[in-house]
Amino acid sequence: MLSTLIFTVALSVSTVLGLPSGTTTPSEFSKRAPQVITSCTKDKTAALTFDDGPHWFVYDVSKTLLANDAKGTFFFNGDNFGCIYTEDQAKRVKYAYDKGHQVASHTWAHANLTTLNWDQIHHQFWLMEEALEKITGAYPAFARPPYGAYNQQVLDAAAIRGQSIVNWDFDSGDSAGLTAQQSIQRYKDVAEITKPKSVLALNHDTYQTTAQVVLPEAIKALKGAGYKLVTVAECLGMAPYQRVSAPKPRDVSC
């Protein structure tokens, strides 16, 4: 009877928090250390990541990457530059996924997770996970907190959800107001340094200059230095998704 009661309580907690099926409860997971990733582990790999979409420049980014035998990682929001469930937004997400790029969570509304309580943090994660699974069929294994900001509560929530937190070790500076030429120079500088064995780069596909001006030059510099341009999962030797199935009906909205 007691074991049945414990299972029922655990199941109800998972349901309320929107946790993946079979996920442990907060108290059960407290013994496990959450994972924060700030660099790739495979030598001479460069993972180009793009935050804040899906934006219309996703197409430009994808075409440039594929033309150079490269793949990228898109950390999408659900309701930042428009609702992810609109026809255009959902099409961009599915396009990136179908082209072989990795899609991952940047949470729902780009809120600073460190300012939220436990339930609100889970809600931000869950809404984005649900959207990606409905649109692509893939349930993400990686999440990037907006602004790269996290605390212990955010790490615990991500760990419970089976997700690794991914930040970066190189910033193109596009969101900080750098010009295209300044961002390009940053890429050239890091490519010329022989010490770094890998690059995990932060970009934003919401900027036209990033997609159309900086990216081609960044790829040229990195490939010229011998880097292989891969997804975050590939540069870590990890699976990009917790599970993959057929897309589901998008019977929700923002």
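**Entry 1: helices α7 and α8**

I began with helix α7 (residues 180-192) and helix α8 (residues 208-224), which pack with their axes 9 Å apart and at an angle of about 20 degrees. I keep in mind that this is a predicted model. Angles under 35 degrees count as roughly parallel, so I noted α7 and α8 as roughly parallel to each other. I then looked up the hand of their crossing and found it right-handed.

Which residues of α7 and α8 meet? On the α7 side I listed A180, S183, I184, Y187, K188, V190 and A191. Their partners in α8 are T209, V213, V214, E217, A218, A221 and L222. Sorted by type, the residues of this contact of α7 with α8 come to 10 nonpolar, two polar and two charged.

**Entry 2: helices α4 and α5**

Next I turned to α4 (87-98) and helix α5 (residues 118-136). Their axes are 9 Å apart, and the packing angle is about 70 degrees. That makes α4 roughly perpendicular to α5, since the range for that label is 65 to 115 degrees.

From α4, I wrote down A90, V93, K94 and Y97 as the residues that make the contact. From α5, they are L132, I135 and T136. I sorted the residues of this contact too: five are nonpolar, one is polar and one is charged.

**Entry 3: the disulfides**

How many disulfides does the structure hold? I found two. With the bonded cysteines numbered in sequence order, the pairing reads 1-3, 2-4.

I looked at C40 and C235 to start with; the disulfide that joins them has an S to S distance of 2.3 Å. C40 sits in the loop between β1 (36-37) and β2 (45-51), and C235 in helix α9 (residues 232-236), so this pair ties together parts 195 residues apart in sequence. The torsion about the S-S bond of C40 and C235 is about -80 degrees, so I recorded the disulfide as left-handed. Both C40 and C235 are buried.

Then came C83 and C254, joined by a disulfide with S to S at 1.9 Å. This pair also links distant parts of the chain, 171 residues apart: C83 is in the loop between β3 (73-76) and α4, while C254 is in the segment after β11 (241-244). Here the torsion about the S-S bond is about 85 degrees, so the disulfide is right-handed.

C254, at 44%, is partly exposed.

**Entry 4: backbone details**

I went looking for a cis peptide bond and found one joining G53 and P54, with omega about 10 degrees. P54 lies in the loop between β2 and α3 (58-67).

I also checked for positive phi values in residues other than glycine. K44 has phi near 60 degrees and belongs to the loop between β1 and β2. K44 is partly exposed, with a relative accessible area of 34%. T107 has phi near 70 degrees and is in the loop between β4 (102-105) and α5. T107, by its relative accessible area of 1%, is buried.

**Entry 5: the whole protein**

To finish, I stepped back. I counted nine helices and 11 strands in the secondary structure. Of the 254 residues, 52% count as buried. For contacts between residues at least 6 apart in sequence, I noted that 79% join residues at least 24 apart.

Note on methods: Residues are numbered from 1 along each chain as its sequence is written. This is a predicted model: local features need pLDDT of at least 70, side-chain atom pairs count only at pLDDT 80 or more; totals for chains, interfaces and linings use all residues. Side-chain values use heavy atoms; hydrogens and water are left out. A disulfide is a pair of cysteine sulfur atoms within 2.5 Å. Helices (H or I, at least four residues) and strands (E, at least two) are DSSP runs, numbered from the N terminus. Buried means under 20% relative accessible area, exposed over 50%, partly exposed in between (1.4 Å probe, protein chains only). Axes are lines fitted to C-alpha atoms, for helices over the stretch in contact, and angles run from 0 to 180 degrees between N-to-C directions. Angles under 35 degrees count as roughly parallel, over 145 as roughly antiparallel, 65 to 115 as roughly perpendicular and the rest as oblique. A crossing is left-handed if the near helix is turned anticlockwise from the far one by less than a right angle, and right-handed if clockwise. Contact means heavy atoms within 4.5 Å. Ala, Val, Leu, Ile, Met, Phe, Trp, Tyr, Cys and Pro count as nonpolar, Asp, Glu, Lys and Arg as charged, and the others, Gly among them, as polar.
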